[in-house]
Amino acid sequence: MSALNAILACPRCNNPLSDLRCGACQLDYPLIDDVPWLFADPEATRTDWRNRWQLALRELEASARAAGLALENSGSSATIRRLTTLQRGYQQQIPALQPLLKSLSLGQPADLTTDLALKTRLPPQAGLFSYEANVFRDWCWGDEENQMSLDACLDAIGDKSLKRMLVLGSGAGRLAYDLHESLNPELTVALDMNPYLAAITRQLSSGATVDLVEFPRAPVDGASVAIRRRLLAPHPSADGFHMVLADALRPPFQPGAFDLVVTPWLIDVVDVSPAEFIARLNPLIARGGMWLNHGSLAFAHPDPADCPDIEELKLLSEAQGFTQFNSWEERAPYLASPVSRHARQESIVTLSAIKSREAGELPKYQALPDWLAKGRQPVPLLPAFQTQAMTTRIHAFIMTLIDGKRTLKDIALVLEEQQLMTQADAEVAIRGFLIKMFEEAVQRGR
């Protein structure tokens, strides 16, 4: 790991690391299953992922129980076969996952407030298995998709000479692996924040195989509801391929560390504006190096100004020190599992640009404001908080009126008597609120 160690920096203070140690912060970053954990507070982040793993484990166990209960009440032989396959799949998945995630059972519990104060925060929607379909696409049945992505990236890179490459947000790792095998740089770093995906990438790129169960979203038949798959790479990766666990918005590398930074399906999913994201990429790349983005550009930022088209991305990149901007677009299948009816075609855009100058100085990235992370400043009375406070009070009041005797119209009349809203408006609002509560109760099986 000498080539990797030579370019690492502390995600807290940005000073160079020495054998994963930051002298300024007096902190040793852990190396777990040969993967450096380079979060600002690795133990707190590990605790968060461990909690998510425990939640996912409980959900798998609950799914297995639900399939078993449904099986007890089934009469059709076809239904029995399907539910038996499904139950067995869940039962097989749990022991298959546990070796991959064994590192999450270790470590001492950390104070999550420390993690927040250090501006490291896992996205609330990021479950361990949010990208489960990508794992099977990358390493089992997705040869066509994988080859199209590789070809598009290689065409963009051309004959550019590379020594060090970073794939930022590498996911299940196949594109990073394929680029490393095709370009043969001295060093390729695949960076992701998900330890499950990192474990998959590390094991398969080292030549090991992994057996997991695929649960297609829309199985083509009853036998396809749960299919045991063997995941493997074409061959072990060449020397110089490394996995790093870190936050893509706080990449732990020294300035100018890479000749090429690839951001696959990333620029449109991070929680900062495209302008800020591009500005944060700039310091990672040596002058004359390349930034390459590959993905569908499905922006969904709350601010419409942060959902740019390709021409706007060109202007944003030029403003942040990049020139020679080029783009290519190609229709391609996406997550087209052969055992699922759910698949789609996407227009995949490949962008490339060359770094010609340094970007302007950026403020330190904050996942949360100080009043929330550190808790030492007054909590601002934001309009959203005021609205939520009123909504919560009304909902709590409605719940106190549910006694098993009042009808929906009776509850609405009480709200009118309290001068909160008219009975007609209250009836509509209460019905919507109770529908949501009822649906959530049904989904939880209660």
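The structure is a predicted model, in which local features require pLDDT of at least 70 and side-chain atom pairs count only at pLDDT 80 or more, whereas totals for chains, interfaces and linings use all residues. Residues are numbered from 1 along each chain as its sequence is written, and side-chain values rest on heavy atoms, with hydrogens and water left out.

D28 forms a salt bridge with R21, with 2.8 Å between the closest N and O atoms; here a salt bridge denotes a side-chain nitrogen of Lys or Arg within 4 Å of a carboxyl oxygen of Asp or Glu. R21 is likewise partly exposed, at 29%. By this rule, 15 salt bridges are counted.

Further pairs lie within helices, which are DSSP runs of H or I of at least four residues, numbered from the N terminus. In helix α2 (residues 42-72), E43 and R46 are three residues apart, about one turn, and their closest N and O atoms are 3.2 Å apart in a salt bridge. E43 is partly exposed at 26%, while R46 is buried at 6%. In helix α14 (residues 423-443), R431 and E427 are four residues apart and form a salt bridge at 3.5 Å, N to O. R431 is partly exposed at 38%, and E427 is buried at 14%.

Helix α5 (residues 132-141) is largely enclosed by the rest of the structure, because eight of its ten residues are buried.

Definitions and conventions
Buried < 20%, exposed > 50% of the residue type's maximum accessible area, 1.4 Å probe, protein only. Helix = DSSP H or I, 4+ residues; strand = E, 2+ residues; numbered from the N terminus.
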